[in-house]
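Let's take a friendly walk through this complex, one piece at a time.

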Amino acid sequence: MRFFLAALKRDLLLVFRHRNDIINPLAFFLMVAVLFPLGVSPDPAFLSEVAAGVIWVAALLACLLSVDGIFRGDYEDGSLEQMLVSPEPLLILVLAKVISHWLVSGFCLAIISPLVAMMFFLPSEGYLALILSLLLGTPTLSLMGAIGAGLTVGLRRGGVLISLLVLPLYIPVLIFGAGTVQAGAMGLPIQGYLALLGAILVFSIMLAPFAIAAALKVSVRS
Amino acid sequence: MLEVKNLFCERDERVLFANFSFQINAAEVVQIIGQNGSGKTTLLRILCGLSDAYSGEIYWQGNDLDEVRDQYYLAMLYVGHLAGVKGSLTAEENLRWMMQLDKSLDKCTIATALKQVGLYGFEDVPCHSLSAGQQRRVGLARLYLSSAPLWILDEPFTALDKKGVKEKEALIANHIEDGGSVILTTHHDLKIPGQTIRPINLGEVDRA
């Protein structure tokens, strides 16, 4: 546990020193939200209809954009090698890195999402559903994205490959996430959707760290 | 301490070594010699468990390396080409993290280690504003902290000044006197006071 906290503290300190890493996904998220109505139609009735889908797609792409860098810095300066020759468990370290990634991507997105929802004229009943679905869905995005990031960290240009690898895994989260918001906006019960998102999250917390650790070992050792 | 049997390694369809066996005993310095591209770094990475691209057996204290990996990592210190130093963290933060990763870095305090490598007064400076040699020194401060018996050092003297190299050589001599062993590669003319260096020449190993 002490090691987990030390790893989390180090990663958050690194993010704090490179503030661009936080701002990038958030700026992307906001830009999509601002540009979409300009490009399509500013009609409130239309926007509130597509809000759930657009906000979730923007959040998903913002996560995907930032997940590529989750191990890259450590790989390039040799820190990752030191982590692999450490007697400390790699699983704990990987979990700490994913959680710190989520805190600066998914968690921040969930916090500013009501602002975006307002720009899309989302009915106010949908706000809670939006925040809860992002809070439950984005950690899964970080976990699954980290598997792709681990597999491609040794490649010079992993960016395209990581999207190909990870996007199919993101689709269920997108469907249930956007579904939650739509149901919420129409005043329908959302517990069923949230339970599904939660189940996907529990499943990926259990299995993804093993896959990420194995992916990192493959990338470094081959 | 460390025994390698029948090592075979191939890279890009070029055999680097075949039927390669050697061992490293307690209290000795082994220098891996060879031209650029002869596989020095590859060999050290294999010994650290950072490469799976080989066949053959490696034993640590008589046990198969795969079975005693955790013990081995506690007893081994690896300093690679890349120092593993984060540019945006200060020297002290970097070393504190390294101590979290490796519990055998417990011989002295961070302040003492930084003083020894001549970075006294630089502990609060982010490493990216240090010079290349100073960054190298941050990575090498681990040698002062380490109580691990086996050191695996890949080109440890790159970017160091003459005085820095002398100090590290004296440190290696100390480590040997305490019963530790060192396996390293360097293009520098290595002189360890009071010790003979056993060379392993990769230019002379089997390639068939």
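Predicted model: local features only at pLDDT ≥ 70, side-chain atom pairs only at ≥ 80, totals over all residues.

**A walk through chains A and B**

In general, the strands of a sheet pair through backbone hydrogen bonds, either parallel or antiparallel.

Now follow the pairing from strand to strand. Strand β1 (residues 2-11) of chain B is joined to β2(B) by 7 bridges, and the two run antiparallel. If you want a place to look, find Leu2(B), which stands opposite Ile24(B) in β2(B). β1(B) is also joined to β4(B), by 5 bridges and again in antiparallel fashion. There, Glu3(B) has Tyr59(B) in β4(B) as its bridge partner. The antiparallel strands β4(B) and β5(B) are joined by 2 bridges. They form a hairpin with 2 residues between them, and Gln61(B) in the turn has a positive phi of about 50°.

What order do the strands of the 5-stranded open sheet in chain B take? The order is β6-β7-β8-β3-β9 (chain B), and the pairing is parallel. The edges are held by β6 (76-79) and β9 (197-201) of chain B, each with a single partner strand, so one side of each is left without a neighbour in the sheet. From one strand to the next, the twist averages 15°. For an example of the pairing, take β6(B) and strand β7 (residues 150-154) of chain B, which run parallel and are joined by 4 bridges. Val79(B) has Leu153(B) in β7(B) as its bridge partner.

Here the landmark helix comes back. α1(B) lies across β3 (29-33), β6, β7 and β8 (181-185) of chain B, and runs at about 150° to β7(B). Another helix, α6 (residues 162-177) of chain B, lies across β3, β7 and β8 of chain B, at about 145° to β8(B).

Step back to see chain B as a whole. It has 6 helices and 9 strands. Its radius of gyration is 17 Å, close to the 17 Å that the globule rule gives for 208 residues, so chain B is as compact as a globular protein of that length. Taken along the principal axes, the box filled by the C-alpha atoms of chain B is roughly 55 × 35 × 35 Å.

Next comes the place where the two chains touch. The contact takes 24 residues from chain B and 21 residues from chain A. On the side of chain B that touches chain A, α2 (69-75) and α3 (91-101) of chain B each supply at least two residues. α3(B) gives the most to this side, with 4 residues. By class, the residues on this side of chain B divide into 13 nonpolar, 6 polar and 5 charged.

Cross over to chain A for two helix pairs. The axes of helix α7 (residues 106-119) and helix α8 (residues 126-152) of chain A come within 9 Å and cross at roughly 150°. α7(A) and α8(A) are therefore roughly antiparallel to each other, and α7(A) passes α8(A) in a right-handed crossing. Residues that meet here include Leu109(A), Ala110(A) and Pro114(A) from α7(A), and Leu130(A), Ile131(A) and Leu134(A) from α8(A). The contact of α7(A) with α8(A) has 11 nonpolar, 5 polar and no charged residues.

The second pair is made by helix α9 (residues 159-185) and helix α10 (residues 191-221) of chain A, whose axes come within 9 Å and cross at roughly 155°. That angle makes α9(A) roughly antiparallel to α10(A). α9(A) passes α10(A) in a left-handed crossing. Among the residues that meet are Val173(A), Phe176(A) and Gly177(A) in α9(A), along with Tyr193(A), Leu194(A) and Leu197(A) in α10(A). The residues of the contact of α9(A) with α10(A) divide into 9 nonpolar, 3 polar and no charged.

Key:
Residues numbered from 1 in each chain as written. Chains lettered and ligands numbered in written order. Axes fitted to C-alpha atoms, helices over the stretch in contact; angles between N-to-C directions. Parallel < 35°, antiparallel > 145°, perpendicular 65-115°, else oblique. Left-handed = near helix turned anticlockwise from the far one by under 90°. Contact = placed C-beta atoms within 7 Å. Nonpolar A, V, L, I, M, F, W, Y, C, P; charged D, E, K, R; others polar. Pairing = 2+ DSSP bridges. Rg over C-alpha atoms; globule rule 2.2 N^0.38 Å.
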